Amino acid sequence: MTPAESLARAVEAVLFAADAPMSVADIRLHVGTEADVAAALTRLGEIYAGRGIELVERGGRWHFQTAADLAHLLRRDREDSRKLSRAGIETLAIIAYHEPVSRAEIEAIRGVQISKGTLDVLMEAGWIRPAGRREVPGRPLTYATTAGFLTHFGLATRRDLPGIDDLRAAGLLDPVDLAFENAVENNVDDA
């Protein structure tokens, strides 16, 4: 067995035993700081391509997951979770698209106050985290998404979030929003 094969086996074992996705630096703590972990991850990605489980990278962290086309086989064994409220969905979307964002900024975008419970539910789910404080009077706490958010929604980075054209093409924009957008565009054209 070559040193590269031995390293790939070691990285595979570390990722398999991990209880959370791991960064390259985390993996190096287990297999050696001088190890070419990136090459081992590339090799493992090739080995697991098209198999029942696959090696994926989300937000700079690596883990094994069930192949997307086989996930339906495991659904009945999964614990049913509560459905996120509309306020929770809107708040999560605002944080994902505008992070880091404060509670006041979320409320300004939504046009209504949010309950503290909404942010608590999102933090409990592991999708958002406190991201520091703004350097303005009152020093409000800001929020950002987590690597868990990226993993749950199958995103490699936040840049993979759908844009306005993608949402419009999928029919996910509210007709009121589309009418408002058209009115704004028409007023700009008339000016």
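# Report on a predicted single-chain model

Of the 16 residues that form the largest nonpolar core, those touching the most other members are Leu 92, Ile 95, Ile 106, Leu 119, Ile 128 and Phe 149. At least two residues of this core come from each of H4, H6 and H7. Helix H4 gives the largest share, four residues. Another core, of 15 residues, lies apart from it and includes Val 14, Ala 35, Val 37 and Leu 41. The model described here is predicted.

## The chain as a whole

The chain has nine helices and five strands. Along the sequence these elements follow the pattern α-α-α-β-β-α-β-α-α-β-β-α-α-α. The chain holds 191 residues, of which 25% are buried. Its accessible surface comes to about 12800 Å², and carbon and sulfur atoms account for 54% of that surface. Among contacts between residues at least 6 apart in sequence, 44% join residues at least 24 apart.

## Helix H4 and its surroundings

Helix H4 covers residues 86-98, 13 residues in total. From its first C-alpha to its last, helix H4 reaches 18 Å, close to the 18 Å expected at 1.5 Å a residue. The buried residues of the helix are Gly 88, Thr 91, Leu 92, Ile 94, Ile 95 and Ala 96. Their cover includes the strands S3, S4 and S5 as well as H5 (103-110), H6 and H7 (147-152).

Ile 95 illustrates this setting. Not counting residues up to four places away in sequence, Ile 95 touches Val 101, Ile 106, Leu 119, Ile 128, Tyr 143, Ala 144 and Thr 145.

Ala 87 also belongs to helix H4. Ala 87 has a relative accessible area of 23% and is therefore partly exposed. Beyond residues up to four places away in sequence, Ala 87 touches Arg 110 and Thr 118. Ala 87 and Leu 119 are 32 residues apart along the chain, and their C-alpha atoms are separated by 9.8 Å.

## The sheet of three strands

Strands S3, S5 and S4 form an open sheet in the order S3-S5-S4, with antiparallel pairing. Its edge strands are S3 (101-102) and S4 (128-133), each of which pairs on one side only. In general, strands of a sheet pair through backbone hydrogen bonds, either parallel or antiparallel. Two bridges link S3 to S5 (residues 141-145) in the antiparallel sense. Helix H6 (residues 116-124) lies across S4 and S5, and runs at about 115 degrees to S4.

Which residue of S5 stands opposite Ser 102? The residue opposite Ser 102 is Thr 142. Ser 102 lies in strand S3, while Thr 142 lies in strand S5. Ser 102 counts as buried because its relative accessible area is 4%, and buried means under 20%. Thr 142 is likewise classed as buried, with 2% relative accessibility.

Leaving aside residues up to four places away in sequence, Ser 102 touches Arg 134, Pro 140, Leu 141 and Thr 142.

## The hairpin of S1 and S2

Strand S1 (residues 53-58) and strand S2 (residues 61-66) run antiparallel and are joined by six bridges. Val 56 has His 63 in S2 as its bridge partner. Two residues lie between the strands of this hairpin, in which Gly 59 takes a positive phi near 60 degrees.

## Helix H1 and Glu 12

Glu 12 is found in helix H1 (residues 3-17). Is Glu 12 buried or partly exposed? Glu 12 counts as partly exposed because its relative accessibility is 24%. Its contacts, apart from neighbours within four places in sequence, are Leu 44, Tyr 48 and Phe 64. Glu 12 and Leu 41 are 29 residues apart in sequence, with 8.3 Å between their C-alpha atoms.

| Residue | Relative accessible area | Class |
|---|---|---|
| Thr 142 | 2% | buried |
| Ser 102 | 4% | buried |
| Ala 87 | 23% | partly exposed |
| Glu 12 | 24% | partly exposed |

Conventions: Residues are numbered from 1 along each chain as its sequence is written. This is a predicted model: local features need pLDDT of at least 70, side-chain atom pairs count only at pLDDT 80 or more; totals for chains, interfaces and linings use all residues. Side-chain values use heavy atoms; hydrogens and water are left out. Two strands pair if DSSP finds at least two bridges between them. Contact means heavy atoms within 4.5 Å. Axes are lines fitted to C-alpha atoms, for helices over the stretch in contact, and angles run from 0 to 180 degrees between N-to-C directions. Buried means under 20% relative accessible area, exposed over 50%, partly exposed in between (1.4 Å probe, protein chains only). Accessible areas come from the Shrake-Rupley method with a 1.4 Å probe; for residues, only the protein chains shown count as cover. The expected span of a helix is 1.5 Å times one less than its number of residues. A nonpolar core is a set of buried Ala, Val, Leu, Ile, Met, Phe, Trp, Tyr and Cys residues joined through side-chain atoms within 4.5 Å.
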